[in-house]
Structure formats: C-alpha cells, structure tokens
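Subject: Handover of a structure for your review

Dear colleague,

Please find below the structure I am passing to you. I would be grateful if you could read the notes that follow with the structure open beside them.

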Amino acid sequence: MSVSLSAAGGPAETAAEESLPLVRIRGLRKNFGSHRVLDGIDLDVREGEVTVLLGPSGSGKSTLLRCVNHLEKPDSGFVEVAGELIGYRYDGSRNHGGRLHELPHRQVTRQRARIGMVFQQFNLFGHMTALENIIEGQVAAGVPRKQAVATAGELLERVGLAGREGSYPRQMSGGQQQRVAIARALALQPRLMLFDEPTSALDPELVGDVLAVIRDLAASGMTMIVVTHEIGFAREVADSVVFLDDGRIVESGPPASVLTSPSHQRARAFLAAVL
Amino acid sequence: MSSQDPEDQLIGRSLVARGDDERLLTARLVTSRRPGQWVGAVVVLVLFAMLVHTVVTNPRFQWGVVGDYFVNGSIMRGLALTLWMTAAVMSCGFLLGIGLAAMRLSSNPVLRSLSFGYVWLVRSVPPLVQLLFWYEIASLYPQLSLGIPFGHEFVTVKTAHLFTGILAAFVGLTVDIAAFSAEIVRGGILSVERGQSEAAEALGLGRGRIFRRIVLPQAMPAIVPATGNLLIGLLKATSIVSVIAVQDLLYSVQLIYQQNFLIMPLLMVATLWYIILTTLLSIGQYFIERYYARGKRRDSGPGRGLWQIALGNLLSPFGQHRGRTRNDLAGLA
C-alpha cells in the first residue's frame with residue numbers, strides 16, 4: 001500500500017485507487033471493558049459521498065467515527081482511508097501469518113491531519129481566538145503563518161462568520177462556535193470530514209445555520225461521515241444511511257429506502273420515535 | 001414559543017388593572033436598613049484606630065531605630081540572599097514539579113507510583129526536619145561519588161564539604177516545593193477538559209505541542225493562584241534557613257540584635273521587608289492571572305482593575321455587595 005493521503009481530488013490519482021472506496025472499514029470490533037461497543041463493522045464510503053450514521057444512543061455510532069481517525073484503537077479489524085491503513089502498518093514478512101504494528105505517534109498525527117473532525121461539544125480552544133483556532137493545525141503542519149491566516153479568513157467567510165477572527169469562543173453562540181470548529185477542521189484541506197452529532201448541543205434555533213454549512217460542504221463534493229439525529233437532514237443530504245444497533249449495522253442503503261421503509265424491527269422503532 | 005414575543009402576550013389577553021397600580025409604579029425603592037452592619041463597622045474601626053495609635057505612639061517600637069537599620073548593609077545582604085534563594089528554589093522546584101506531575105499522569109505504572117511516593121513522603125515530613133536532615137546528610141553518607149551504578153567511581157567528594165548550609169537549604173526547600181508544585185500542576189492539568197486534547201489530536205497536533213499550546217495555557221488559570229500562594233509561602237519559609245546559620249534576612253537581623261539587644265525594632269525591619277516583598281509578589285500575581293484569563297470573559301473589555309478589587313474588598317460591608325456579586329457572576333458566566 002504505497003498510496004498516500006494526498007491533497008483532495010487530484011487528477012493524478014491512479015485508476016486502481018479510483019475504483020476503491022475512500023474509506024474501507026472491515027471487521028471492526030471494540031470493547032470497553034467487558035462491554036462490546038462495536039461488533040464487526042464492515043462499511044465503505046466512496047469519494048464524494050455523504051454517509052449518515054443513525055441509531056439509538058449507545059449503539060456505537062460515535063465510537064465507530066472515532067475509530068476512523070484513531071481516537072479510539074480498535075481491538076480487531078481495520079480502517080483504511082485512501083488506501084492507507086489508519087494507525088497500523090502491515091507486516092506480512094513472517095512465516096506465522098502477518099502482523100499489524102502500531103504506528104509511531106508522529107505518523108498517526110500525520111494521518112489525522114488529513115481527516116477533519118467536528119465534535120458535539122465544539123471543543124474550540126478556549127484560550128485562542130477564532131483565527132488562532134483555525135490556523136493552529138496549519139502552523140503545526142508547517143504552513144507559513146501568513147498563508148494560514150489568509151486561508152482562515154476565507155474559511156470564516158465560507159461559514160458565514162467573516163470578520164470574526166478576533167472573537168474568543170466564549171463570546172460566540174453555540175452555532176457560531178460550531179461553525180468556527182468546522183472552519184478549523186477544513187483548514188488542513190482534509191479529504192474526509194467526520195461529524196460527531198454536530199448539532200446536538202445547540203439551541204433549536206441555531207441548528208439551521210450549522211446544517212446549512214454542512215449542506216454546502218456536501219454540495220462541494222466533500223466526503224463525509226455524519227453522526228446525527230436530524231432525520232430530515234439525513235434524508236436531504238445523505239447518499240447512504242447506515243443504521244447501527246448494539247454495535248452492528250442492521251440496515252444500510254440510500255435514505256429513501258432506509259428512512260421510509262426500514263426492514264429491521266429496531267430501525268422501525270427508532271424512526272417511529274424520532275420522527 | 002409564542003411567549004418570547006411581548007406583542008403576542010398582549011394580543012388576546014386583557015390585563016386586570018387595580019386602583020393603586022399607578023402609585024406602585026412611581027414609588028421609589030428603599031433598600032432595607034441594617035443597623036447591625038453599622039454597629040459592627042464602628043466597633044471594628046475603633047479597634048483599628050486603637051491599634052494604629054499604639055503602634056505609632058508607643059516609644060518602645062523605636063521607629064527611629066527601625067529607620068536607621070532599614071537599609072543597613074548586612075540586612076541588605078540578607079535580603080538579597082532571601083530573594084535569590086526564593087527565586088532559585090521556586091524555579092528549580094517548579095520545573096521538578098512539572099516533571100513529577102507528568103510522571104503522575106503518565107501511563108507508565110512505575111513512574112506513576114514513584115511520583116506518588118515522592119509527593120507522599122515529602123509532604124509528610126516538616127520542612128524544618130528536611131532542612132536539618134540535608135544539613136546533617138554527611139553523617140549518613142560521609143562521601144558522595146559519581147560513577148557507574150554498582151560499578152566504577154570517577155569522582156568522589158566529602159559530603160560535609162559539599163553540603164554547606166546554603167546547599168542544604170537550597171536542596172531541602174527545593175525538594176519540598178517540587179512536591180507541592182507537582183500537586184498544583186496536576187490539579188491544573190486535570191481541570192482542562194478531555195475534549196480539548198482530543199480536538200487537538202484530531203487536528204494532527206503532536207503530543208508535545210498539545211501539552212505546550214493547548215493544555216498548559218488552559219491549566220494556568222488554575223495553576224497561577226495556587227502557585228502565587230506557594231511562592232509567597234516560600235518567601236517567608238526561607239526564614240527557617242536561619243536555624244542552619246544561613247545568613248538570610250531574618251538571620252542577619254538576629255545577628256544584629258544579639259549584639260545590641262534592640263530586638264523589637266529589628267524584627268520590625270524584617271517584618272516590613274517581608275510585607276513589601278509579599279505585596280510586590282501579589283501585584284505580579286494579579287497581572288499574570290489577568291493575562292491567563294483572556295478568553296474567559298464574555299465582554300472583550302478590561303475586567304475589574306486592581307484598584308476596583310481593592311476598593312471592593314474595603315467597601316463591601318457598606319452596601320457594595322450587590323454590584324460586586326453581579327460583576328463576579330458576569331466574570332463566571
């Protein structure tokens with residue numbers, strides 16, 4: 001596997017990679033103590049697609065998302081983004097079957113920089129202004145400060161917060177903070193965006209602005225995995241909806257079929273409760 | 001909800017009027033009187049006036065003598081030793097403390113236990129006992145050597161020559177300060193939400209950078225006040241080095257009054273210097289706290305100034321309570 005996480009959508013990609021989904025998750029299992037959170041997840045996400053993860057709380061949606069950028073280490077199975085194993089290096093040279101070696105922290109860090117993540121609680125750095133939040137990742141990655149600041153200005157404009165460079169998180173509403181968090185995640189030009197319940201901590205009237213930004217992002221062709229409870233949003237934006245229950249995928253497919261006529265009993269009950 | 005719009009509230013709902021509404025609306029608000037507060041204030045003020053009067057008029061304070069010795073050469077040398085001893089112990093102790101805190105929070109069980117054990121042991125022994133222990137260390141280990149563990153020794157030195165009073169004082173106090181700063185730093189780091197370092201990890205920041213740029217600055221608001229307290233405590237605690245004949249501020253004063261028996265005025269000289277230094281440190285602490293509080297307030301303007309806090313503290317018994325509380329709440333929000 002020599003294909004690296006290069007800048008998004010370059011034309012020079014090989015035909016082999018184009019046929020591969022951007023994200024491939026196979027046999028993913030994760031336990032917290034004796035509790036099995038993920039129980040053998042297989043999932044593909046194609047380039048430019050939006051995948052929405054649905055399911056009751058505790059079904060493993062967030063854990064699955066956090067495995068994609070290695071914030072959680074899976075117990076078995078693997079995650080591959082753009083043909084590159086996340087968090088591990090495969091060594092097949094031994095006689096007694098192959099081994100997955102954990103990557104040094106520095107390399108995991110490099111992989112994470114190409115995957116943007118947005119959290120339920122925003123997690124903006126409280127001691128930094130919006131601008132400083134957005135440029136931090138770029139500066140750490142060696143982008144010249146001047147260029148990082150210019151990018152940050154464009155991103156703030158894109159999320160509807162032009163001119164708010166100097167605001168501290170506490171001086172902004174939840175919706176504004178979340179939009180800065182999205183700008184921060186976009187600053188490193190990620191190839192994949194992960195959203196972990198991005199609107200769950202917001203007042204109802206602020207949800208719309210954040211969803212609008214995510215919708216624009218989807219329209220621009222960004223590949224995204226979104227954990228959400230906004231069914232209407234899923235119906236409108238998702239290319240595929242995946243329903244999790246008890247650490248397993250019980251239903252998946254285009255939103256029209258999964259959301260309208262789910263075949264699995266648990267999915268039907270969940271949708272009846274949230275709609 | 002429609003109740004958010006005041007117009008909606010009025011529409012379709014008639015208000016019931018009563019005859020005295022007008023009078024109630026125009027009446028002036030009178031705050032409740034608290035005679036007890038005034039009585040308490042007068043009693044305290046009288047006692048305070050008596051104290052000031054006796055300090056000024058009692059000739060046995062010998063303020064003239066205090067003035068004569070205030071900038072005396074040997075006292076200045078003692079003051080200098082107190083200052084650099086405090087600075088050296090605090091810098092080394094605090095760095096050691098950061099290391100101990102990092103060990104305590106690491107995933108390595110050996111480092112974790114070592115740090116815990118160190119803090120437990122050092123906090124259990126009074127600083128005076130530690131000081132005497134280091135001063136007498138030569139009786140335990142007559143010579144110290146540098147070499148390969150359990151192997152060849154390169155350099156050997158007589159402990160009694162190495163551990164003079166000053167080094168014993170420095171080591172004893174540093175060991176003590178390291179234990180206390182370790183706990184302060186650990187508390188500060190734990191006060192930073194887990195989500196902050198997770199977000200930083202997701203952004204692809206390295207471990208060192210996360211600690212330096214994300215966690216530590218946000219731990220500082222919890223670390224600074226406690227450290228200021230520790231530093232002021234240390235400044236005064238350096239006076240215990242006088243028991244092992246290190247010539248600090250207090251010992252210099254003692255040397256003088258053992259010859260001329262002007263005990264009280266000379267103790268006043270030392271006291272005044274300690275008060276001055278503590279005041280300077282408190283002012284420094286105020287500015288450091290204000291620096292690290294950035295991003296903590298909702299309004300971007302300057303917060304309450306030094307004088308406002310001082311005045312607020314002085315005037316609070318006289319009806320400033322409400323304003324102060326509101327300010328503090330705004331600061332918390």
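The notes below describe what was found, beginning with the conventions.

This is a predicted model, in which local features need pLDDT of at least 70 and side-chain atom pairs count only at pLDDT 80 or more, while totals for chains, interfaces and linings use all residues. Residues are numbered from 1 along each chain as its sequence is written, and chains are lettered from A and ligands numbered from 1 in the order in which they are written.

**Sheets of chain A**

Chain A holds an open sheet of six strands in the order β8-β9-β10-β3-β11-β12, with mixed pairing. Strands are DSSP runs of E with at least two residues, helices are runs of H or I with at least four, and both are numbered from the N terminus. Two strands pair if DSSP finds at least two bridges between them. The edges are taken by β8 (115–118) and β12 (248–253) of chain A, each with a single partner strand, so one side of each lacks a neighbour in the sheet. On average, neighbouring strands of this sheet are turned by 15° against each other, direction ignored.

Within this sheet, strand β9 (residues 192–196) of chain A runs parallel to strand β10 (residues 223–227) of chain A, and five bridges join them. A:Met193 has A:Met224 as its bridge partner in β10(A). Helix α6 (residues 174–186) of chain A lies across β8 and β9 of chain A, at about 170° to β8(A). Axes here are lines fitted to C-alpha atoms, for helices over the stretch in contact, and angles run from 0 to 180 degrees between N-to-C directions.

A further open sheet of chain A has four strands in the order β2-β1-β4-β5, with antiparallel pairing. Its edge strands are β2 (35–45) and β5 (84–85) of chain A, each pairing on one side only. Strand β4 (residues 76–81) of chain A pairs with β5(A) over two bridges in the antiparallel sense, and A:Glu80 stands opposite A:Leu85 in β5(A). Helix α2 (residues 61–68) of chain A packs on this sheet and touches β1 (23–32), β2 and β4 of chain A.

**Where the chains meet**

In total, 25 residues of chain A are in contact with 20 residues of chain B; contact requires C-beta atoms, placed from the backbone, to lie within 7 Å. On the side of chain A that touches chain B, α3(A) gives the most, with five residues. By class, that side has 11 nonpolar, nine polar and five charged residues. Ala, Val, Leu, Ile, Met, Phe, Trp, Tyr, Cys and Pro count as nonpolar, Asp, Glu, Lys and Arg as charged, and the others, Gly among them, as polar.

**Chain B**

The secondary structure of chain B comes to 15 helices and two strands. Of its 333 residues, 25% are buried, a term that requires 20 or more other C-beta atoms within 10 Å of the residue's own, with C-beta atoms placed from the backbone.

Helix α7 (residues 127–135) and helix α9 (residues 165–190) of chain B have axes that come within 8 Å and cross at roughly 140°. The residues of this contact include B:Trp134 of α7(B) and B:Val171 of α9(B). By class, the contact of α7(B) with α9(B) divides into nine nonpolar, three polar and one charged.

With kind regards

Notes
Two residues are in contact if their C-beta atoms, placed from the backbone, lie within 7 Å. A residue is buried if 20 or more other C-beta atoms lie within 10 Å of its own, exposed if 12 or fewer, and partly exposed in between; C-beta atoms are placed from the backbone.
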